[in-house]
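Biologist: I am new to this structure. Could you take me through it step by step?

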Amino acid sequence: NVDYIGVGPVFDTNSKAKPAPTLGLKELEKIVKVSPVPVIAIGGITPQRVTSVLDTGAHGIAILSGVCQHPDPTEATRNFIESIRTADARN
């Protein structure tokens, strides 16, 4: 039984040596519309991109380099939380 699918990379990412081709927001939105389960977007997501990613209908986001490669992971996490709250407040 599948609970969700991870889809990406949505944007360019440097967390993998050979990432798959970048999808972009339009392709992400197409996948979200046909998926029978929630879609979690991943790949190159920054706090500034959270709203546009969630606006595709994606159920959520997964973050790796945006936190792990940030000089201050705690600050990066706070920035993502604030971006998610801002996006949620719009809906």
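Modeller: A pocket here is an open set of grid points with protein on both sides within 12 Å along at least five of seven lines, and its lining residues have an atom within 4 Å of a point. Please keep in mind that this is a predicted model.

Biologist: Understood. How many residues line the largest pocket, and which lie nearest its centre?

Modeller: The lining consists of 16 residues, and those nearest the centre are Thr13, Ser15, Lys16, Ile42 and Gly43. The space in this largest pocket is about 190 Å³.

Biologist: What classes of residue make up that lining?

Modeller: The lining of the largest pocket has 8 nonpolar, 7 polar and 1 charged residues.

Biologist: Which residues does serine 65 contact, leaving aside neighbours within four places in sequence?

Modeller: Serine 65 is in contact with Thr13, Asn14, Ser15 and His70. Serine 65 itself belongs to helix 3.

Biologist: Is serine 65 buried or exposed?

Modeller: Serine 65 is buried, because its relative accessible area is 17% and the cut-off for buried is under 20%.

Biologist: Let us turn to serine 35. Where is it found?

Modeller: Serine 35 sits in the loop that runs between helix 1 (24-34) and strand 2 (39-42). It counts as buried because its relative accessibility is 17%. Its side chain reaches the backbone oxygen of valine 37 at 2.6 Å.

Biologist: What does valine 50 touch?

Modeller: Not counting residues up to four places away in sequence, valine 50 touches Ile45, Ile61, Phe80, Ser83, Ile84 and Ala87.

Biologist: Is proline 71 buried or exposed?

Modeller: Proline 71 counts as exposed, because its relative accessibility is 78%. Its place is in the loop between helix 3 (65-68) and helix 4. From proline 71 to glutamate 82 the C-alpha to C-alpha separation is 18 Å, and the two are 11 residues apart in sequence.

Key
Residues are numbered from 1 along each chain as its sequence is written. This is a predicted model: local features need pLDDT of at least 70, side-chain atom pairs count only at pLDDT 80 or more; totals for chains, interfaces and linings use all residues. Side-chain values use heavy atoms; hydrogens and water are left out. On a 1 Å grid over the protein atoms alone, a cavity is a set of points where a 1.4 Å probe fits but cannot get out, and a pocket is an open set with protein on both sides within 12 Å along at least five of seven lines; lining residues have an atom within 4 Å of a point. Grid points are joined across faces, edges and corners, and a volume is the space filled by probe spheres set on the points. Ala, Val, Leu, Ile, Met, Phe, Trp, Tyr, Cys and Pro count as nonpolar, Asp, Glu, Lys and Arg as charged, and the others, Gly among them, as polar. Helices (H or I, at least four residues) and strands (E, at least two) are DSSP runs, numbered from the N terminus. Buried means under 20% relative accessible area, exposed over 50%, partly exposed in between (1.4 Å probe, protein chains only). A polar contact is a pair of N or O atoms within 3.5 Å; within protein, one must be able to donate a hydrogen and the other to accept it, and residues adjacent in sequence count only if both atoms are side-chain atoms. Contact means heavy atoms within 4.5 Å.
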